[in-house]
Amino acid sequence: MGNSSRDDSATDGDASSGGNAKPSNSSLYSEGEKILAYHGPRIYEAKVQKAEIRKNEWRYFVHYLGWNKNWDEWVGVDRILKHTEENIMKQQALDKKQGVDKNTKSGRSAHTKPKSSTDAKAEKEDQKNNVAKGKKRKNDSGAEKENTALEKLVKIQIPVALRKQLVEDWEFVCEQDKLVKLPRSPTVDEILQNYLDYRTKKDGKLTDPVGEVLRGIRCYFDKALPMILLYKKERKQYHDTVVDDVSPSTIYGAEHLLRLFVKLPELLAYVNIEEETLTRLQQHLLDLLKFMQKNQSTFFLSAYDGSNSVDGKGKGKQSDLV
């Protein structure tokens, strides 16, 4: 599982109506309610444990059914769907689109088929009556092993200076209602090309692994941007700017590319990667981050554009990437 696809993540149009409006005294979801929740690029069955208003919006503490409580987390309304037949079909369609294989052993992909209401009820009865304790302990142990493997899967250490850049990025968009002026210069494509030129000169030759990693980053960026790399207030700008099948990597720049590195661990959790290949990949990603840090004053904006209209107002409101 990873950090939120949704945290912090949700598709552009799903369950987003309550994100910017002042919350009413009535929560959309009640404590104990069974729901569907986005996490990473998939949707999972979950249960609302707590519901609170935080920073002028409803937040929900959810438990993913069938998963270790270590995955429990606070999420916004934009990541939650009602547990209806229509949304269950959406969940299954998304699983199919993601190509989830029930035999896949990495990450949460191992649980392709969500538990039905009957399964969940039976599990509760087993727990209540202390039935099949050995089997339950075995299942819990298996889930913990999967969680441990996932936690070790991909670790990307973002340099301190770039972490500060991420904070400033959030403040510009979510607190000051400003946007990155598009198109950016340099673009994501140009940054990746600059890095490729840098590595070619440094190594004395063009290495295939570097080129392959950069192509992968570009592909991930183009697909992930509209799904999980935008703040709510940036959606309108995206739809106004990215038209006619234009690649986001030719329009957006370092600010949004850096956000991808926050999401990459959870995205890569759904890919089977050999340990040796993973180690090399982490080295390449860290080297690219160091290159971005070295050129921070050139690649990143020092101020955002305040003339653009954004979706929603309200300073000081914590917004998730959605």
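Visitor: How many residues of strand 3 are buried?
Guide: Strand 3 is mostly covered, with 7 of its 8 residues buried. Buried means under 20% relative accessible area, exposed over 50%, and partly exposed in between, with a 1.4 Å probe and protein chains only. Strands (E, at least two residues) and helices (H or I, at least four) are DSSP runs, numbered from the N terminus. This is a predicted model, in which local features need pLDDT of at least 70 and side-chain atom pairs count only at pLDDT 80 or more, while totals for chains, interfaces and linings use all residues. Residues are numbered from 1 along each chain as its sequence is written, and side-chain values use heavy atoms, with hydrogens and water left out.

Visitor: In what sense do strand 2 and strand 3 pair?
Guide: Strand 2, residues 42-54, pairs with strand 3 in the antiparallel sense over 8 bridges; two strands pair if DSSP finds at least two bridges between them. K47 has H63 of strand 3 as its bridge partner.

Visitor: And how many bridges join strand 3 to strand 4?
Guide: There are 4 bridges between these antiparallel strands. Y60 has V75 in strand 4 as its bridge partner.

Visitor: In what order do the strands form the sheet?
Guide: The 5 strands form an open, antiparallel sheet in the order 4-3-2-1-5. Strand 4 and strand 5 (80-82) each have a single partner strand, so one side of each is left without a neighbour in the sheet.
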